[in-house]
Amino acid sequence: MTNAPMRPLEGKLAIVTGASRVSMFALLICLAAGIRPIITSSSDKKLRKAISVGEPGAVDTINYQSHPQWNDEALRLTKGRGVDVVVENVGPTTIAQSLSSLARRGTVSLVGFLGGFNVDCFPDTIGPVLLKSATIRGIAVGSKIDQQNLCNFLSERKVALKPILDEAIFSFKDSQAAFDHLYAGGHTGKVVIKI
C-alpha cells in the first residue's frame, strides 16, 4: 500500500457481520470514511451500542435472530441496490448471504471465521461471484506501511477508539472473571484487564 490519497467513499454502503471487536473497529472506519454501515448481531444490546457510535441515523442494524435471512433485510435497507463492501467476520457459513447482499461489482472482505471453517460452503458461491462480477478478498494483518496509513487515517479523521472497548474493565486479580466474560460472549469490543 502506498501513501496515495484515499478514493472518495462517500455514498458507499457496507455490511459488517457480527458485533465483534473487529466488527466494531470496521464500523468506526466506515463512519470515518463516509461509508454508510449496516451491522448485524443477534444481540439488541450490541446493536444499540453500534448505533451509539455514530451520529443519529448513521448506522443501520439487523438482528439476525429476528431476520434469519438478513441478506433480504440488507437489500430492503438499500432499496434493492445492495452494499459495496461486506466485512465478513463469520466466514463460510454466511458467505452466501454476504454475496446475496452485495451490489454489482462489490467486494466481500473475508476477515474471520467466527462461524467455523466449513469450506464446503465455498463451491456454492462461485455462481453469485460471477453474476455480480464480485471480488472476494482475504484480509490479514498488513505491512508496517499499511499500519502507518491506518494510524494516519484514524488521526486525520479524529477517530476515538473507546467504542471498541467493552464497558467492563477488570483488574489483574479478576483476570479469570474477564476471561469468563469474554467466553460468555456478552461483551461488545475488547475486554480490558488493567495491570
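Trainee: Is C30 buried or exposed?
Mentor: This is a predicted model, so the answer is computed from predicted coordinates. A residue counts as buried when its relative accessible area is under 20%. C30 has a relative accessible area of 5%, so C30 is buried.

Trainee: And C151, which class does it fall in?
Mentor: Exposed needs over 50% and buried needs under 20%, with partly exposed in between. The relative accessibility of C151 is 36%, so C151 is partly exposed.

Trainee: How many disulfides does the structure have?
Mentor: A disulfide is a covalent bond between the sulfur atoms of two cysteines. To count as one here, the two sulfur atoms must lie within 2.5 Å. The search over the whole structure gives a count of zero.

Trainee: What is the distance between the end C-alpha atoms of helix α6?
Mentor: Helix α6 runs over residues 144–156, which is 13 residues. At 1.5 Å a residue, α6 should span 18 Å. The model agrees with that, because the end C-alpha atoms of α6 are separated by 18 Å.

Trainee: Which residues of α6 are buried, and where do they sit around the axis?
Mentor: The buried residues of α6 are N149, F153 and L154. They cover an arc of only 135° around the axis, so they are on the same side of α6.

Trainee: What is on the face turned away, and which helix is part of the cover on the buried side?
Mentor: The face of α6 turned away from its buried side carries the exposed residues K144 and S155. Over the buried residues of α6, the cover includes α1 (21–33).

Trainee: Which residues of helix α2 are buried, and what arc do they fall within?
Mentor: Helix α2 covers residues 44–53, and its buried residues are K46, L47, K49 and A50. Seen down the axis of α2, these line one face of the helix, because they fall within an arc of 160°.

Trainee: Which exposed residues does the other face of α2 carry, and what covers the buried ones?
Mentor: Turned away from the buried side of α2 are the exposed residues K45, R48 and S52. The cover over the buried residues of α2 includes β2 (36–41), β3 (60–63), β7 (165–171) and α1.

Trainee: How far is L99 from T135, going by C-alpha atoms?
Mentor: L99 is in helix α4, residues 95–100. L99 is buried, because its relative accessible area is 1%. L99 and T135 are 36 residues apart along the chain, and their C-alpha atoms are separated by 9.6 Å.

Trainee: Which residues does the UniProt annotation "transmembrane region" cover, and how far apart are the end C-alpha atoms there?
Mentor: The annotation comes from an unreviewed UniProt entry and covers residues 20–39. In the model, that stretch is 65% helix and 20% strand. The end C-alpha atoms of residues 20–39 are 10 Å apart.

Definitions and conventions. Residues are numbered from 1 along each chain as its sequence is written. This is a predicted model: local features need pLDDT of at least 70, side-chain atom pairs count only at pLDDT 80 or more; totals for chains, interfaces and linings use all residues. Side-chain values use heavy atoms; hydrogens and water are left out. UniProt positions are given in the numbering used here, feature names are shortened, and annotations may be inferred rather than shown by experiment. Helices (H or I, at least four residues) and strands (E, at least two) are DSSP runs, numbered from the N terminus. Buried means under 20% relative accessible area, exposed over 50%, partly exposed in between (1.4 Å probe, protein chains only). The expected span of a helix is 1.5 Å times one less than its number of residues. The arc is that of the directions from the helix axis to the C-beta atoms. Contact means heavy atoms within 4.5 Å.
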